[in-house]
Amino acid sequence: MACQKLRAARHILRACTRAGSNNFWPQRAIPSFLSAQETWHSIPNDIGASEHIMKVGFIGLGNLGGKLAGSLLRNGIDLTVLDRKEDLMADFAARGAGTAQSPAALMRDSDVVITCLPSPAASAAVMDEMLAEIGPGKTWMEMSTTDDAEIRRLAALVEEKGGTPVDCPVSGGCHRADTGNISIFAGCDRETFEKVLPLLTHLGRRVLHTGPLGTASTLKVMTNYLATANLLTCCEALVTMKAAGMDMATTYEAMKISSGTSFVHETESQLILNGSRDVNFTMDLILKDLGLFQNIADRNDVPLELSPMVIDIMRDGQTRYGERANTDDIIRRLEEATGLSILADGFPAELIDDEPEERGYEVFPPGRARPLAAE
């Protein structure tokens with residue numbers, strides 16, 4: 001009977017989540033056949049007061065990390081942050097977050113520590129400091145875009161200390177991270193995934209369990225490669241249509257409503273046409289990700305043809321426009337070569353996610369049986 005009660009409560013609570021609630025279900029809405037204590041403490045993988053009790057640390061408050069951490073803070077998570085830039089920490093402190101003095105102190109005082117850092121080397125350096133404080137009951141969640149071999153190496157160190165590692169990069173752009181609507185890949189065993197899923201659903205909307213540690217990072221660098229290749233084709237299409245005398249706003253709309261559309265076109269092409277080209281993602285970061293993807297292909301003896309060309313084009317863009325130039329600046333190579341200006345009125349200077357924030361949920365690959373715990 002108790003199991004039937006719990007299953008029923010899970011279904012009702014999940015239904016509330018899917019309906020788009022951003023708040024925990026109030027106690028007055030708990031089914032009458034289940035006490036509040038049974039609901040909150042017997043269903044650890046669902047919405048519950050335990051998420052308020054859990055202490056979460058977040059390291060890395062840059063363009064992406066700051067927005068992810070903001071989602072946790074906005075949703076009432078007990079959050080402490082750390083970044084090399086004191087002004088970023090001060091901003092979070094003003095909004096109610098705690099601040100830490102070191103990675104070791106943050107791990108010592110937290111149940112979960114999330115890292116979102118610019119490179120594998122940065123993640124390794126932070127792990128070196130945190131490792132002494134990792135033990136049973138501690139969870140490390142790596143949200144940086146990193147090498148799959150490196151995430152497994154660091155994860156092994158965490159596991160040797162009795163901690164739990166999770167590989168969980170995100171995809172979808174900073175504007176969707178800002179609203180908690182970004183997508184998340186999670187690489188870990190299923191039991192661990194179900195434990196961290198409630199937290200992940202505050203950080204993003206669609207959460208995909210990708211398999212063992214390292215699989216999430218492998219898929220993440222693949223998506224960044226695809227996005228960059230798509231950016232280059234959008235640039236070529238826009239410049240070619242401009243040279244052919246097409247109106248740029250009409251060209252944008254034709255691409256958007258056709259088989260040639262894409263997430264990249266519907267977001268980044270707008271910034272290109274506005275002229276701001278401020279996508280919050282820089283040449284040095286994309287070249288790191290492209291290199292990681294190419295390394296995966298090389299290790300698996302895949303003779304890629306487009307990938308080396310994409311890397312060469314982005315390297316040239318970095319040489320021309322600066323290491324920290326935004327990736328959308330790459331269209332300037334074609335503007336300079338043709339003497340054309342790819343601009344149009346009516347497009348935004350920054351990307352705004354206009355979809356309402358909703359509590360996240362797990363998504364499942366086609367043909368994959370839903371795990372029993374997800375029913």
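These are my notebook entries on a predicted model of one chain.

**Overall make-up.** I began with the chain as a whole and found 16 helices and 10 strands, with buried residues making up 50% of its 375 residues. I then looked at contacts between residues at least 6 apart in sequence, and of these 70% join residues at least 24 apart. For the surface, I noted that the chain exposes about 17,400 Å², of which carbon and sulfur atoms supply 54%.

**Nonpolar cores.** I looked up the largest nonpolar core, which has 48 residues, and recorded F58, L79, I114 and L200 as those with the most contacts inside it. Helix α10, residues 190-203, gives the largest share of this core, namely six residues. Leaving out residues up to four places away in sequence, I listed M141, C168, I184, A186, F193 and V207 as the residues that L200 touches. Apart from this core I found another, of 32 residues, which includes M255, V264, I272 and Y321.

**Strands β5 and β6.** Strand β5 (residues 139-142) and strand β6 (residues 164-167) run parallel and are joined by four bridges. Together with α8, the two strands make a right-handed β-α-β unit.

**Helix α14.** I next checked the helix at residues 283-299, whose 17 residues reach 24 Å from the first C-alpha to the last, close to the 24 Å expected at 1.5 Å a residue. After α14 comes D301, for which I recorded a positive phi, near 55 degrees.

**H175.** Is H175 buried or exposed? I placed this histidine in helix α9, residues 174-177, and read a relative accessible area of 13%, which is under the 20% cut-off, so H175 counts as buried. Its contacts, again without residues up to four places away in sequence, are F263, T267, L351, I352 and D353.

Methods
Residues are numbered from 1 along each chain as its sequence is written. This is a predicted model: local features need pLDDT of at least 70, side-chain atom pairs count only at pLDDT 80 or more; totals for chains, interfaces and linings use all residues. Side-chain values use heavy atoms; hydrogens and water are left out. A nonpolar core is a set of buried Ala, Val, Leu, Ile, Met, Phe, Trp, Tyr and Cys residues joined through side-chain atoms within 4.5 Å. Buried means under 20% relative accessible area, exposed over 50%, partly exposed in between (1.4 Å probe, protein chains only). Contact means heavy atoms within 4.5 Å. The expected span of a helix is 1.5 Å times one less than its number of residues. Two strands pair if DSSP finds at least two bridges between them. A crossover is right-handed if, with the strands pointing away from the viewer, the path from the first strand over the helix to the second runs clockwise. Accessible areas come from the Shrake-Rupley method with a 1.4 Å probe; for residues, only the protein chains shown count as cover.
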